[in-house]
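Here is a short briefing on selected local features. Look at the model first, then go through the points by topic.

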Amino acid sequence: MKYIESNSTNPYFNLALEEYLFDSVPTDESCFMLWQNTNTIVIGKYQNAIEEINQAYVDENKISVVRRLSGGGAVYHDAGNLNFTFIVDAKEVSDFNFKVFVIPIIHALKKFGVQAAFNGRNDMTIDGKKFSGNAQYVKRGKVLHHGCIMLDSNLTDVSDALKVKAAKFISKNAKSVRSRVTTINAGAPNPITMDEFKEALKEEILGTDSAKPYVLTEEDLTKIKRIQREKYETWNWNYGRAAAYSMVREEKFPAGLVTVHMNAKDGCIGEIKFYGDFFGNGEIEELEEGLRGAALDQNLTQKLEALQSSYYMNGITAEELSRLIRG
């Protein structure tokens, strides 16, 4: 089995590395990878990012948002989180058989006196609380199985980053199912360091001789960075790949109540209507028409400023309105 340990904590690079390995490792060769990301929300392939994240919290705390190849729900990564990836021949496992991949992790934890369990779908738990989510991607006779393991994650950030601002969504996108979460160290008899945990995992999966990690060549890195740049760093991949949805949001500002009714597709505003008891000038329909087709990205504030939104809604800044629309 080929072993890779990513030296990068850049989520866009690591997701690109995963895809590169999946596409380049021969079908008859297995691969195991360990990797970590700086503060990041990773959303499932079929999810609408806007429905899954607290955008204001994400912006304020400079949290990355990236879409993965596999389905499933949104997860939060930080320095206390360890991610693992298996790439194997599909003939070795039945479709979406998660258990075969998580058993080595459960066995590794036993060495530290931690009793973990697999819940039968895609989570590992300690005392009924989730500490690891898993997902799979199957294509061309190969399986990519990956998961995140919360060894010592900041659970406050996990909660706040994935706590979507109150809104009513109507869409066909897959929604995350929130579970009670914990960390391994919260249930461990003694604190486990990240290095200790990595070594235990490698020994369990690779054997006592723990294979030396494969070193990426310059050619590898060039190809990975191209995937990173052209796919995983793009707004279109991370936010734009969303089915059409309708949304209603509401907020009481000092200048008045504003209710937003919006239809969106591919991460852009289709139709938007504003209601409320605010005061304003001109015809609000002019602002609504000006927003048609606008991307729901970090540039929305500038778009609202260009449209002079505060002229139509006295006392409500473009930044405040952008936060309400984006969540």
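Buried means under 20% relative accessible area, exposed means over 50%, and partly exposed covers what lies in between. The model is predicted. On that scale, Tyr311 has a relative accessible area of 41%, so this residue is partly exposed. Tyr312, at 11% relative accessibility, counts as buried.

**Aromatic pairs**

- A pair of aromatic rings is described by the distance of the centres and the angle of the planes.
- Rings pair if their centres lie within 6.5 Å. By this rule there are eight aromatic pairs.
- One of them is Phe86 with Phe101. The ring centres are 5.2 Å apart and the planes meet at 40°, so this pair is tilted.
- That pair links distant parts of the chain. Phe86 belongs to strand 6 (residues 81-89) and Phe101 to helix 4 (residues 99-110), 15 residues apart.
- Both Phe86 and Phe101 are buried.
- Tyr311 and Tyr312 also form an aromatic pair, and theirs is edge-to-face. The centres are 5.1 Å apart, with 85° between the planes.
- Ring pairs also build a cluster from Tyr3, Phe32, Phe84, Phe86 and Phe101.

**Charges over rings**

- Lys142 lies over the face of Phe22, 5.1 Å from the ring centre. Phe22 is one of the buried residues of helix 1.
- Lys231 places its charged end over the ring of Trp237. The distance to the ring centre is 4.3 Å.

**Helix 1**

- Helix 1 covers residues 11-24, 14 residues in total. From first C-alpha to last it reaches 20 Å, close to the 20 Å expected at 1.5 Å a residue.
- Of its 14 residues, 12 are buried, so helix 1 is largely enclosed by the rest of the structure.
- Among the buried residues are Pro11, Tyr12, Phe13, Asn14 and Glu18.
- At the start of the helix, Asn10 brings a side-chain oxygen to within 2.8 Å of the backbone nitrogen of Tyr12.

**Strands 3 and 4**

- Strand 3 (residues 40-43) and strand 4 run parallel, joined by four bridges.
- Ile43 has Arg67 in strand 4 as its bridge partner.
- In a regular strand the side chains alternate between the two faces of the sheet.
- Strand 4 (residues 64-67) is covered on both faces. Ser64 and Val66 are buried on one side, Val65 and Arg67 on the other.

Methods
Residues are numbered from 1 along each chain as its sequence is written. This is a predicted model: local features need pLDDT of at least 70, side-chain atom pairs count only at pLDDT 80 or more; totals for chains, interfaces and linings use all residues. Side-chain values use heavy atoms; hydrogens and water are left out. Buried means under 20% relative accessible area, exposed over 50%, partly exposed in between (1.4 Å probe, protein chains only). Helices (H or I, at least four residues) and strands (E, at least two) are DSSP runs, numbered from the N terminus. Two strands pair if DSSP finds at least two bridges between them. The expected span of a helix is 1.5 Å times one less than its number of residues. A polar contact is a pair of N or O atoms within 3.5 Å; within protein, one must be able to donate a hydrogen and the other to accept it, and residues adjacent in sequence count only if both atoms are side-chain atoms. Rings of Phe, Tyr and Trp (its six-membered ring) pair if their centres lie within 6.5 Å; planes under 30 degrees apart count as stacked, over 60 as edge-to-face and the rest as tilted. A charge sits over a ring if NZ of Lys or CZ of Arg is within 6 Å of the ring centre and within 35 degrees of the ring normal.
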